[in-house]
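The following explanation leads the reader through one structure step by step. Please keep the sequence and the three-dimensional view at hand while reading.

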Amino acid sequence: MKRTQVAIVGAGPAGLLLGQLLHKEGIDTLILERRSAEYVGSRIRAGVLEPGTVDVLERAGVASRLHAEGLIHDGVEIGFRGQRHRIDLKALTGKGVTVYGQTEITHDLMNARAASGAPSVYEAEDVALHELAGTSPRVSYRHQGVAHEVACDFIAGCDGFHGVSRRSIPASVLKVFERVYPFGWLGLLADVPPPWHELIYANSERGFALASLRSPTRVRCYVQCSLEDRVENWSDEQFWDEFRRRIGDEMAARISNAPSIEKSIAPLRSFVAEPLRFGRLFLAGDAAHIVPPTGAKGLNLAASDVLYLYESLRSFYREKSERGLDEYSPRCLKRIWRAERFSWWMTSQLHRFPDDAFGRRMQETELEYLFESRAAQQSMAENYVGLPFEPMGGS
Ligand code: FAD
Ligand code: PHB
């Protein structure tokens, strides 16, 4: 039977980043991914990185292109009643955020992994986890019709919300917290220079819209849509018409109907599974939690889980100490719940909820307060740029 120190399930940003950090520490890993490398490299998702996430990517040695091409944003805007209100992240917190697509991070991490020579198996089928409660777990899978089994010290479950890892934990052990929202986001990517300089999160009578970007020549835009909506039913023209009606007159006049490169619908969900550990299995990223994208926190949370897991494993191999491993789940959960709160708050304030006149007044009141109170802006800003990492050992 083959052997590795840490078997990583999933080659999304969480799995690839963990693999890179552990490789730099001299710890062997094997990454098993269900999809093809091309598929993983072409998924369009997140766009906003906290400074703490950039630090972790630097530590992994994969930040040079990010520094060359990433765009630093010192503020974000909230659109409401036809006006835009700027939240000055830099003045309020001393920090900004970096706009750099998850697709680019994935490419940088995949290239670094290929250069390191560390093994990855793409199109691994029927991945199954065994003997998690003991000290010698195993992972089995099939690749190109051949069955394989790998012995390891630890398994990192980085296989996203629909993966096998969380489902391998007995239901009696896992506590799940969930909220499903009655709408989704329809996203469109297009090659056109963005007329906006910073992201605009718009609460309009017709529903939420977000004006984002990927580069000085590429926009990423979203509109709140119904859960019954299908991408095929939205032409590019219909998307732009709806986006214009929500984003405010100035930007509506300045954005053209550029053809889409990609269009997709994502449902919105808040979800946390506790604890993030079962024996020798550790969950990280979307495998353990989902936030609605309104707070731009999903990828950033995946990066902080991975940093904590890396530090715990490093201390296990260097100092033979299990303390970091024991602390892993509670340490992650503190930051996870804060990001859940912020993402729920942003979602609640900016979307149109069906049949909720009281909720609408609450949104109006909350947003007016935000625009008038520096304290409220500071609270939003410090969450948006990302709360500090918890040190290991609680010190
Ligand atoms: P994933 O990216 O889901 O990767 C998991 C991997 O595991 C996948 O490659 C999958 O194929 C693989 N896998 C699944 N099952 C198996 C199996 N059985 N065996 C082997 N492999 C398996 N976050 C932000 O921080 N900022 C943003 O601005 C932002 N915007 C977003 C916008 C949208 C529209 C969406 C949908 C998400 C956004 N996010 C954002 C969230 C972010 O994209 C995710 O949180 C992030 O991808 C999580 O990374 P992950 O590696 O944990 O999971
Ligand atoms: C994106 O650019 O895809 C994006 C940006 C900010 C968000 C969500 C998504 O809150």
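The model shown here is predicted. Helix 10, formed by residues 323-350, and helix 11, formed by residues 357-372, have axes that come within 8 Å of each other and cross at roughly 110°. Angles of 65 to 115 degrees count as roughly perpendicular, and therefore helix 10 is described as roughly perpendicular to helix 11. On the side of helix 10, the contact is made by Trp345, Ser348, Gln349 and Leu350. Helix 11 contributes Met362, Gln363, Glu366, Leu367 and Leu370. Sorted by class, the residues in this contact of helix 10 with helix 11 comprise 5 nonpolar, 3 polar and 1 charged.

For Leu299, a backbone N or O atom is found 2.7 Å from an oxygen atom of ligand 1. A polar backbone atom of Ala14 is 2.9 Å from an oxygen atom of ligand 1. In the case of Asn300, the distance between a backbone N or O atom and an oxygen atom of ligand 1 is 3.1 Å. On its own, ligand 1 has 1,000 Å² of accessible area, and the protein covers 90% of it.

How many residues are around ligand 2? There are 14, of which Tyr201, Ser212, Arg214, Tyr222 and Pro293 come nearest. By class, the shell around ligand 2 holds 8 nonpolar, 3 polar and 3 charged residues.

With Tyr201, the side chain takes part: one of its N or O atoms is 2.8 Å from an oxygen atom of ligand 2. With Pro293, it is a backbone N or O atom that lies 2.8 Å from an oxygen atom of ligand 2. Ala296 likewise has a backbone N or O atom 3.5 Å from an oxygen atom of ligand 2. Of the 280 Å² of accessible area that ligand 2 has on its own, the protein covers 96%. Strand 16 (207-215) and strand 17 (218-225) each supply at least two residues of the shell around ligand 2. The largest share, 3 residues, comes from strand 16.

Finally, two details of the backbone deserve attention. Glu274 and Pro275 are joined by a cis peptide bond, with omega about -10°. Where does Pro275 lie? Pro275 is located in the loop between strand 18 (260-274) and strand 19 (277-278). The second detail concerns Glu123, a residue other than glycine whose phi has a positive value, near 55°. Glu123 belongs to the loop between strand 9 (120-121) and strand 10 (125-130).

Key. Residues are numbered from 1 along each chain as its sequence is written. Chains are lettered from A and ligands numbered from 1 in the order in which they are written. This is a predicted model: local features need pLDDT of at least 70, side-chain atom pairs count only at pLDDT 80 or more; totals for chains, interfaces and linings use all residues. Side-chain values use heavy atoms; hydrogens and water are left out. A polar contact is a pair of N or O atoms within 3.5 Å; within protein, one must be able to donate a hydrogen and the other to accept it, and residues adjacent in sequence count only if both atoms are side-chain atoms. Accessible areas come from the Shrake-Rupley method with a 1.4 Å probe; for residues, only the protein chains shown count as cover. Axes are lines fitted to C-alpha atoms, for helices over the stretch in contact, and angles run from 0 to 180 degrees between N-to-C directions. Helices (H or I, at least four residues) and strands (E, at least two) are DSSP runs, numbered from the N terminus. Angles under 35 degrees count as roughly parallel, over 145 as roughly antiparallel, 65 to 115 as roughly perpendicular and the rest as oblique. Contact means heavy atoms within 4.5 Å. Ala, Val, Leu, Ile, Met, Phe, Trp, Tyr, Cys and Pro count as nonpolar, Asp, Glu, Lys and Arg as charged, and the others, Gly among them, as polar. A residue is near a molecule or strand if one of its heavy atoms lies within 4 Å of it.
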